[in-house]
Amino acid sequence: MGKILRINDKNNIPIWFMRQAGRYLPEYRRLREKKGSFLELCFDPETAAEVSLQPIKRFDLDFIILFSDILVIPYALGQDLQFIEGEGPILGDLMDLEKLEKLNFDKCLKKINPVFETLGILKQKKKSKTLIGFCGAPFTVMNYMIERGTSVSHKKILDFIRRHERKAERLIHILQEISVLYLRKQIKAGAEIIKVFDSWAGILSEKEYEKFVILPNKYINDEIKKSYPNIKTTFFPRQSGRKVLKFIEQVQCDILSVDEKYPKELKKEAKKRDIILQGNLSPEILLTGGSKMEKKIKEILFDFSKNKHIFNLSHGVLPKTPVHNINKTIDIIRNYEFNKSTS
Ligand code: CP3
């Protein structure tokens, strides 16, 4: 499984970037123009595989992440989905819960069969790189299903879980079931690591977090480990703050993606549980570049030097990021001398 096996070799630290494929790359923008909408790209296996490989060809990163989106699950469940240029995702009406509960999820997943074909192509072409499959965590996917798109206030989703708690639990149940089937199919198609994105975990109170973040992520981890004990699982409960300590107590994952504000005990706890930490350069700093970026990258390498560490961002690459800042970042990491005690 490529570099992940050599994770203890500090002079060869594995690197990838969240949203490493996308609009900041000119070769991506050219393909987008030629091939049409973002979703058309996701559902065209040859093109989606090419897009997944673009950042690997350019930067020789260690991980290939499937090019798709977390919102293909609502789409598979029959919710209309469009990505509007400059606006983001727009979702249609949600089916009644009773109807959703009666769906045959295997059949629903056939609607997004191209995703598995993309993984099949990548498996053939990956060489020594490690292939990552992914899904959104139930709460984050439910957030988009209820908000019908991106939201700043998250009013609808918070109202939903506070006023219709039982319904929210039922929807979470549906999402965790289909997510497990979805990830199993991705693994069968060639994914070697899976990552579960809980981008909106941070908006919940402690009690809500236990119910809607910890329990569904734990369910997914346990189910995947039951069928595939050797598959590495990654979780990203973004902006959890101190709640992440409870998260790793219960979700026995292999890799934890961290954002910038993690509690100071996390490094020790991760070490105790043999969890690899993945992160955590801010996409804004990557966008700005310069000496501030250089200093921050070195600080991160130093901070995580006593942990198993995969270098990554704290969130996705921003569309206006200069390509040369990515080259520079990789250069700094590859040339960093770990035996120096300064950062
Ligand atoms: O990381 C990768 O390189 C793999 C591909 C990937 C995409 N989305 C491609 C994408 C992954 C792993 C995702 C996950 C995703 N999608 C998340 C979780 C991670 C996170 O960013 O918090 C979320 C919340 C989404 C939902 C989503 N998709 C939004 C809100 C948007 C619009 C905002 C934006 O960046 O445009 C998308 C669109 C999207 N997903 C694009 C890409 C490359 C841009 C589409 C385009 O080309 O116009």
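Does Cys42 count as buried or exposed, and at what relative accessibility? At 0% relative accessibility, Cys42 counts as buried (under 20% relative accessible area with a 1.4 Å probe and protein chains only; exposed is over 50%, partly exposed in between). The model is predicted: local features need pLDDT of at least 70, side-chain atom pairs count only at pLDDT 80 or more, and totals for chains, interfaces and linings use all residues. Residues are numbered from 1 along each chain as its sequence is written, and side-chain values use heavy atoms, without hydrogens and water.

The structure holds 0 disulfides (pairs of cysteine sulfur atoms within 2.5 Å). For Cys42, the nearest cysteine sulfur is that of Cys135, 15 Å away. Cys108 is buried too, with a relative accessible area of 10%. Its sulfur lies 15 Å from the closest cysteine sulfur, in Cys135, so the distance is too far for a bond.

Lys195 is buried yet has no salt bridge (a side-chain nitrogen of Lys or Arg within 4 Å of a carboxyl oxygen of Asp or Glu). Asp259, the nearest side chain of opposite charge, is 11 Å away (Lys and Arg count as positive, Asp and Glu as negative; His and the chain ends are not counted). Lys195 sits in strand β5, residues 193–198 (strands are DSSP runs of E, at least two residues, numbered from the N terminus). The side chain of Lys195 makes a polar contact with that of Ser257, at 3.0 Å (N or O atoms within 3.5 Å; within protein, one must be able to donate a hydrogen and the other to accept it, and residues adjacent in sequence count only if both atoms are side-chain atoms).

Notes: Helix = DSSP H or I, 4+ residues; strand = E, 2+ residues; numbered from the N terminus.
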